[in-house]
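Thanks, everyone. I'll keep this short: salt bridges to begin with, then some strand pairing.

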Amino acid sequence: MTRPEAATTAIEKTTVSQDDFRALMSLFPTGVVVLGAMDGSGRPWGMTCSSLCSVSVSPPTLLVCVRSSSPTLGAMKGSGAFSVNLLHQSARDVAELFASGATDRFRRTAWHLPDAAAAGPHLQDAAHAVGDCRVDGVRRVGDHTVVFGRVLRVSVAPGTGQAPLLYGLRRYAAWPSNGSVADTGRSRPDPADEE
């Protein structure tokens, strides 16, 4: 029988290539969001992100992982706030635009700041829900920075009826409408409650 310390030491000596790691993560489908923040001059910044995770219900906290050299991260840290735009299935073009690095992305996408409490741009046509967050901590890990966001407000678009946009296996997809993910009318436990 292998002792845990020996197994940990053996694992630490193993290295995984970036391609292998990307292949592993491509097998984990996830929702697609656009993070948004305003810089000190009032300019909007944003990027597509699939690294979003619930951290805590009390207080409501999530985390996002952002490339450490990203100008969007600079705006998030500088303003101390950001928006999380959950994209619907018809917003694949917006996801691709905000992943492209195009400098005119906010001129090509409808967005607004609904009021003074908005933490960042709301993508009014592409998002079926938006979370306004306050930066509650950051931690650099490798080439990315984990940003913890205290969720201050949730806005859900009324009557959109749009399913979430998903990303996995290096392609976009819509949430299945045939009930194969969860039966209608039947509630399922929240995995976050089981931790």
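One definition before we start. A salt bridge here is a side-chain nitrogen of Lys or Arg within 4 Å of a carboxyl oxygen of Asp or Glu. Keep in mind that this is a predicted model.

How many salt bridges does a search of the whole structure find? Six.

Take helix 4, residues 92-100. Arginine 92 and glutamate 96 sit there, four residues apart, about one turn of the helix. Their side chains form a salt bridge, 2.8 Å from N to O. Arginine 92 counts as partly exposed, because its relative accessibility is 42%. Glutamate 96 is also partly exposed, at 37%.

Next, aspartate 104 and arginine 108. Their salt bridge spans 3.3 Å, N to O. Aspartate 104 is partly exposed at 23%, while arginine 108 is exposed at 54%.

Now arginine 153 and aspartate 132. They meet in a salt bridge at 3.0 Å, N to O. This pair links distant parts of the chain: arginine 153 is in strand 8, aspartate 132 in strand 7, 21 residues apart. Is aspartate 132 buried or exposed? Buried, with a relative accessible area of 1%. Arginine 153 is partly exposed, at 23%. Asp115 joins Asp132 and Arg153 in a network of salt bridges.

On to the strands. Strand 1 runs antiparallel to strand 9, joined by two bridges. Threonine 30 has tyrosine 167 as its bridge partner in strand 9. Tyrosine 167 in turn partners tyrosine 172 in strand 10. Strands 9 and 10 pair antiparallel over four bridges. Two residues lie between them in the hairpin, where leucine 169 takes a positive phi near 55°.

Conventions. Residues are numbered from 1 along each chain as its sequence is written. This is a predicted model: local features need pLDDT of at least 70, side-chain atom pairs count only at pLDDT 80 or more; totals for chains, interfaces and linings use all residues. Side-chain values use heavy atoms; hydrogens and water are left out. Two strands pair if DSSP finds at least two bridges between them. Buried means under 20% relative accessible area, exposed over 50%, partly exposed in between (1.4 Å probe, protein chains only).
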